[in-house]
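Trainee: I am new to this structure and would like a close look at one part of it. Could you walk me through the salt bridges, step by step?

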Amino acid sequence: YAYGLAERGELARAETLAKESFNLFLAHGNRYERSGALGLLGRLALLRGDLEQARKLLSEAVTIATTVGYKDVQCNWQPLLGLVILYHGDMTAARQCLTESLRLCIEVKAEHLLARNCTYLAETALCEGVLDEAAQWLAQSVGYLANPDSITTTELQRLWVAARLATAQQQYQRAATLFGLADQAHSQIHDAIAGPMRSMADAALATVQAALELKVFAEAFVTGQQMGL
(Lines give C-alpha, C1' and ligand atoms only; values in the text may rest on other atoms or scores of the structure.)
Protein backbone atom coordinates (compact mmCIF):
# COMPACT_ATOMS: atom_id res chain seq x y z
CA TYR A 1 0.00 0.00 0.00
CA ALA A 2 2.86 2.35 0.83
CA TYR A 3 4.42 1.58 -2.55
CA GLY A 4 1.17 2.46 -4.34
CA LEU A 5 0.88 5.72 -2.40
CA ALA A 6 4.46 6.63 -3.34
CA GLU A 7 3.70 6.02 -7.02
CA ARG A 8 0.80 8.50 -6.77
CA GLY A 9 2.97 11.04 -5.01
CA GLU A 10 1.39 10.75 -1.55
CA LEU A 11 4.80 10.90 0.04
CA ALA A 12 3.93 11.63 3.67
CA ARG A 13 1.36 8.82 3.97
CA ALA A 14 3.65 6.44 2.12
CA GLU A 15 6.54 7.20 4.48
CA THR A 16 4.41 6.57 7.58
CA LEU A 17 3.30 3.17 6.29
CA ALA A 18 6.77 2.23 5.01
CA LYS A 19 8.28 2.92 8.44
CA GLU A 20 5.53 0.86 10.09
CA SER A 21 6.18 -1.96 7.62
CA PHE A 22 9.92 -1.85 8.26
CA ASN A 23 9.42 -2.14 12.02
CA LEU A 24 7.01 -5.07 11.61
CA PHE A 25 9.37 -6.94 9.29
CA LEU A 26 12.33 -6.18 11.57
CA ALA A 27 10.44 -7.63 14.55
CA HIS A 28 9.64 -10.78 12.58
CA GLY A 29 13.13 -11.15 11.15
CA ASN A 30 11.91 -10.95 7.54
CA ARG A 31 14.91 -9.72 5.55
CA TYR A 32 13.20 -9.90 2.15
CA GLU A 33 10.37 -7.53 3.08
CA ARG A 34 12.65 -5.40 5.25
CA SER A 35 14.86 -4.68 2.25
CA GLY A 36 11.75 -3.64 0.31
CA ALA A 37 10.70 -1.22 3.04
CA LEU A 38 14.22 0.24 3.19
CA GLY A 39 14.25 0.71 -0.57
CA LEU A 40 10.90 2.46 -0.53
CA LEU A 41 12.03 4.80 2.25
CA GLY A 42 15.12 5.55 0.15
CA ARG A 43 12.97 6.33 -2.86
CA LEU A 44 10.80 8.67 -0.81
CA ALA A 45 13.94 10.45 0.45
CA LEU A 46 15.05 10.89 -3.17
CA LEU A 47 11.67 12.34 -4.19
CA ARG A 48 11.96 14.82 -1.31
CA GLY A 49 15.49 15.75 -2.37
CA ASP A 50 17.35 14.25 0.63
CA LEU A 51 20.21 12.61 -1.28
CA GLU A 52 22.28 11.57 1.74
CA GLN A 53 19.39 9.71 3.35
CA ALA A 54 18.37 8.23 0.00
CA ARG A 55 21.86 6.86 -0.63
CA LYS A 56 22.10 5.36 2.87
CA LEU A 57 18.72 3.59 2.70
CA LEU A 58 18.99 2.41 -0.90
CA SER A 59 22.53 1.12 -0.35
CA GLU A 60 21.33 -0.93 2.63
CA ALA A 61 18.36 -2.29 0.64
CA VAL A 62 20.58 -3.28 -2.30
CA THR A 63 23.20 -4.82 0.00
CA ILE A 64 20.60 -7.06 1.67
CA ALA A 65 19.13 -8.06 -1.70
CA THR A 66 22.57 -8.81 -3.17
CA THR A 67 23.75 -10.78 -0.14
CA VAL A 68 20.68 -13.00 0.04
CA GLY A 69 20.14 -13.24 -3.74
CA TYR A 70 16.84 -11.36 -4.00
CA LYS A 71 17.24 -10.37 -7.64
CA ASP A 72 13.73 -8.94 -7.99
CA VAL A 73 14.30 -6.65 -4.99
CA GLN A 74 17.71 -5.67 -6.32
CA CYS A 75 16.13 -4.78 -9.69
CA ASN A 76 13.67 -2.50 -7.93
CA TRP A 77 16.11 -0.43 -5.87
CA GLN A 78 19.49 -0.56 -7.62
CA PRO A 79 18.39 1.75 -10.48
CA LEU A 80 17.36 4.36 -7.89
CA LEU A 81 20.71 3.95 -6.14
CA GLY A 82 22.39 4.55 -9.50
CA LEU A 83 20.38 7.74 -9.94
CA VAL A 84 21.38 8.97 -6.47
CA ILE A 85 25.04 8.22 -7.27
CA LEU A 86 24.63 10.23 -10.49
CA TYR A 87 23.26 13.18 -8.54
CA HIS A 88 26.27 12.97 -6.25
CA GLY A 89 28.39 13.64 -9.34
CA ASP A 90 29.95 10.21 -9.97
CA MET A 91 28.79 9.50 -13.52
CA THR A 92 31.09 6.51 -14.03
CA ALA A 93 29.86 4.69 -10.92
CA ALA A 94 26.27 5.60 -11.74
CA ARG A 95 26.56 4.13 -15.24
CA GLN A 96 28.12 0.93 -13.87
CA CYS A 97 25.34 0.58 -11.29
CA LEU A 98 22.59 1.18 -13.85
CA THR A 99 24.15 -1.12 -16.46
CA GLU A 100 24.30 -3.96 -13.92
CA SER A 101 20.71 -3.37 -12.82
CA LEU A 102 19.62 -3.33 -16.48
CA ARG A 103 21.17 -6.79 -16.94
CA LEU A 104 19.33 -8.06 -13.86
CA CYS A 105 16.01 -6.56 -15.02
CA ILE A 106 16.37 -8.37 -18.35
CA GLU A 107 17.21 -11.59 -16.49
CA VAL A 108 14.07 -11.46 -14.31
CA LYS A 109 11.96 -10.09 -17.22
CA ALA A 110 10.64 -7.06 -15.32
CA GLU A 111 9.54 -4.75 -18.15
CA HIS A 112 8.17 -1.96 -15.94
CA LEU A 113 11.49 -1.88 -14.10
CA LEU A 114 13.36 -1.98 -17.42
CA ALA A 115 11.48 1.13 -18.49
CA ARG A 116 12.55 3.00 -15.36
CA ASN A 117 16.14 1.77 -15.64
CA CYS A 118 16.33 3.00 -19.24
CA THR A 119 14.98 6.39 -18.17
CA TYR A 120 17.80 6.70 -15.63
CA LEU A 121 20.39 5.66 -18.22
CA ALA A 122 18.94 8.39 -20.46
CA GLU A 123 19.35 10.80 -17.55
CA THR A 124 22.97 9.69 -17.15
CA ALA A 125 23.76 10.17 -20.84
CA LEU A 126 22.01 13.55 -20.77
CA CYS A 127 24.15 14.67 -17.82
CA GLU A 128 27.23 13.50 -19.75
CA GLY A 129 26.12 15.50 -22.79
CA VAL A 130 25.78 12.41 -25.00
CA LEU A 131 22.45 13.39 -26.51
CA ASP A 132 22.08 10.69 -29.16
CA GLU A 133 22.58 7.99 -26.54
CA ALA A 134 20.13 9.72 -24.20
CA ALA A 135 17.52 9.69 -26.98
CA GLN A 136 18.12 5.98 -27.61
CA TRP A 137 17.68 5.09 -23.94
CA LEU A 138 14.55 7.21 -23.73
CA ALA A 139 13.11 5.45 -26.79
CA GLN A 140 13.83 2.08 -25.18
CA SER A 141 12.09 3.23 -22.01
CA VAL A 142 8.96 4.12 -23.96
CA GLY A 143 9.23 0.83 -25.84
CA TYR A 144 9.13 -1.15 -22.61
CA LEU A 145 6.20 0.85 -21.22
CA ALA A 146 4.47 2.75 -24.01
CA ASN A 147 1.02 2.78 -22.41
CA PRO A 148 1.26 3.37 -18.65
CA ASP A 149 -1.89 2.68 -16.65
CA SER A 150 -1.74 5.98 -14.77
CA ILE A 151 0.34 9.06 -14.11
CA THR A 152 2.94 8.24 -11.47
CA THR A 153 6.10 9.81 -10.11
CA THR A 154 8.04 7.52 -12.47
CA GLU A 155 6.14 8.81 -15.51
CA LEU A 156 6.66 12.39 -14.37
CA GLN A 157 10.41 11.79 -14.12
CA ARG A 158 10.45 10.34 -17.65
CA LEU A 159 8.60 13.41 -18.99
CA TRP A 160 11.12 15.74 -17.37
CA VAL A 161 14.01 13.82 -18.94
CA ALA A 162 12.30 14.00 -22.36
CA ALA A 163 11.71 17.74 -22.01
CA ARG A 164 15.29 18.37 -20.87
CA LEU A 165 16.62 16.30 -23.78
CA ALA A 166 14.58 18.38 -26.25
CA THR A 167 15.98 21.51 -24.60
CA ALA A 168 19.57 20.26 -24.93
CA GLN A 169 18.86 19.48 -28.60
CA GLN A 170 17.60 23.07 -28.97
CA GLN A 171 14.17 21.80 -30.04
CA TYR A 172 12.64 24.50 -27.90
CA GLN A 173 9.05 24.39 -29.13
CA ARG A 174 8.94 20.61 -28.68
CA ALA A 175 10.48 21.06 -25.23
CA ALA A 176 7.81 23.62 -24.29
CA THR A 177 5.08 21.14 -25.27
CA LEU A 178 6.72 18.39 -23.21
CA PHE A 179 7.05 20.73 -20.24
CA GLY A 180 3.35 21.51 -20.58
CA LEU A 181 2.54 17.80 -20.48
CA ALA A 182 4.85 17.37 -17.48
CA ASP A 183 3.13 20.27 -15.73
CA GLN A 184 -0.25 18.61 -16.27
CA ALA A 185 1.14 15.32 -14.95
CA HIS A 186 2.72 16.98 -11.92
CA SER A 187 -0.60 18.61 -11.05
CA GLN A 188 -2.02 15.10 -10.61
CA ILE A 189 0.72 14.08 -8.17
CA HIS A 190 -0.44 14.72 -4.61
CA ASP A 191 2.84 16.12 -3.21
CA ALA A 192 5.30 18.30 -5.12
CA ILE A 193 8.42 16.42 -6.20
CA ALA A 194 11.70 18.06 -5.17
CA GLY A 195 15.37 17.18 -5.59
CA PRO A 196 17.88 17.43 -8.45
CA MET A 197 15.60 16.10 -11.19
CA ARG A 198 13.05 18.80 -10.40
CA SER A 199 15.66 21.58 -10.17
CA MET A 200 17.26 20.56 -13.49
CA ALA A 201 13.83 20.50 -15.12
CA ASP A 202 13.11 23.99 -13.79
CA ALA A 203 16.45 25.25 -15.15
CA ALA A 204 15.74 23.76 -18.58
CA LEU A 205 12.25 25.26 -18.57
CA ALA A 206 13.77 28.70 -17.92
CA THR A 207 16.09 28.14 -20.91
CA VAL A 208 13.13 27.31 -23.14
CA GLN A 209 11.18 30.35 -21.99
CA ALA A 210 14.17 32.58 -22.77
CA ALA A 211 14.66 31.01 -26.21
CA LEU A 212 11.07 31.37 -27.48
CA GLU A 213 8.82 34.32 -28.03
CA LEU A 214 6.26 34.59 -25.25
CA LYS A 215 3.30 33.73 -27.51
CA VAL A 216 5.04 30.75 -29.11
CA PHE A 217 6.05 29.37 -25.72
CA ALA A 218 2.58 29.84 -24.24
CA GLU A 219 0.84 28.11 -27.16
CA ALA A 220 3.25 25.15 -27.08
CA PHE A 221 3.01 24.83 -23.29
CA VAL A 222 -0.81 24.89 -23.34
CA THR A 223 -0.81 22.28 -26.12
CA GLY A 224 1.19 20.01 -23.82
CA GLN A 225 -1.13 20.66 -20.89
CA GLN A 226 -4.07 19.50 -23.01
CA MET A 227 -2.43 16.25 -24.08
CA GLY A 228 -3.06 12.83 -22.61
CA LEU A 229 -0.07 10.90 -21.35
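This is a predicted model: local features need pLDDT of at least 70, side-chain atom pairs count only at pLDDT 80 or more; totals for chains, interfaces and linings use all residues.

**A close look at the salt bridges**

Mentor: Because Arg198 and Asp202 sit four residues apart in helix H11 (residues 196-211), about one helical turn separates them. These two residues form a salt bridge, and their closest N and O atoms are 3.4 Å apart. Arg198 is partly exposed, at a relative accessible area of 25%. Asp202 also counts as partly exposed, with 38% relative accessibility.

As background, side chains of opposite charge can pair when their charged atoms come close.

Now let us move on to pairs that reach across the chain. The side chains of Arg164 and Glu123 meet in a salt bridge, with 2.5 Å from N to O. This pair joins distant parts of the chain, with Arg164 in helix H9 (residues 153-168) and Glu123 in helix H7 (residues 111-128), 41 residues apart. How accessible are the two partners? Arg164 is buried, because its relative accessible area is 8% and buried means under 20%. Glu123 is buried as well, with a relative accessible area of 0%.

Another pair to find in the view is Glu133 with Arg95, whose side chains meet in a salt bridge at 2.8 Å, N to O. Here too, distant parts of the chain are linked: Glu133 belongs to helix H8 (residues 131-144) and Arg95 to helix H6 (residues 91-108), and the two are 38 residues apart.

Lys71, Glu100, Arg103 and Glu107 are linked in a network of them.

Ser35 lies in helix H3 (residues 31-48). With a relative accessible area of 0%, Ser35 is buried. Leaving aside residues up to four places away in sequence, Ser35 touches Ala61, Ile64, Tyr70, Val73 and Trp77.

Definitions and conventions: Residues are numbered from 1 along each chain as its sequence is written. Side-chain values use heavy atoms; hydrogens and water are left out. A salt bridge is a side-chain nitrogen of Lys or Arg within 4 Å of a carboxyl oxygen of Asp or Glu. Buried means under 20% relative accessible area, exposed over 50%, partly exposed in between (1.4 Å probe, protein chains only). Contact means heavy atoms within 4.5 Å.
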